[in-house]
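Okay everyone, thanks for coming.

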Amino acid sequence: MSRRITRENAMKLLYQIQLRDDDIEEQIRMFLEENEDLENLDREFFLDVIHGVIDHKEEIDNLIQVNSIGWRLERMPKVDLAIMRLAVYELKYRKDIPVNVSINEAVELAKKYGTDQSKNFINGVLGKIAAGLKADEEQ
């Protein structure tokens, strides 16, 4: 259960980072301080995901852009983008997490925080990305 809580909070912070131009490390520190009641938060996983998305943002965004035909990143709902960035990081860099778990968790976040269309859009884009990554690995 702590990974689900951790993903949800990581998505919230990734969303916040899109909106605020403040120092990222300061935002992380403040987010953790303001949410001290998160006893189930897996801090190590949380920090890995946040830093991983930030460090690989260009590559992650490129994968999302290429696989979301007809959508520019700037036009996507920011919540959907935060959810997909988190999931793409997991798909590409966290081999300890099964692909279906990353996609399922992203769809659940989309159901909770996104629009009516978010879950289908996110599921489709992540499915294409996962298939592409799998094909790359097999070559």
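Quick definition before we start: a helix here is a DSSP run of H or I with at least four residues, and helices are numbered from the N terminus. Also, keep in mind that this is a predicted model.

So, let's begin with E8, which sits in helix 1, residues 2-19. Is E8 buried or exposed? E8 is buried: its relative accessible area is 14%, and the cut-off for buried is under 20%. And who does E8 touch? Skipping neighbours within four places in sequence, E8 contacts L109, K112 and Y113.

Now on to helix 4, residues 57-67. Its buried residues are I60, D61, L63, I64 and N67. Down the axis of helix 4, those buried residues fall within an arc of 155°, so they line one face of the helix. Here's some background: an α-helix has 3.6 residues a turn, so residues three or four places apart point the same way. On the face turned away from the buried side of helix 4, you'll find the exposed residues E58 and V66. The buried ones pack against helix 3, helix 5 and helix 7.

Next, the largest pocket, with a volume of about 240 Å³. It has 14 lining residues, and the closest to its centre are Q18, K57, D61, L81 and R85. Helix 1, helix 3, helix 4 and helix 5 each give at least two residues to that lining. By type, the lining has 8 nonpolar, 1 polar and 5 charged residues.

Definitions and conventions. Residues numbered from 1 in each chain as written. Predicted model: local features only at pLDDT ≥ 70, side-chain atom pairs only at ≥ 80, totals over all residues. Heavy atoms only, no water. Buried < 20%, exposed > 50% of the residue type's maximum accessible area, 1.4 Å probe, protein only. Arc of directions from axis to C-beta. Contact = heavy atoms within 4.5 Å. 1 Å grid on protein atoms, 1.4 Å probe; cavity = no way out; pocket = protein on both sides within 12 Å on 5 of 7 lines; lining within 4 Å. Points joined across faces, edges and corners; volume = space filled by probe spheres on them. Nonpolar A, V, L, I, M, F, W, Y, C, P; charged D, E, K, R; others polar.
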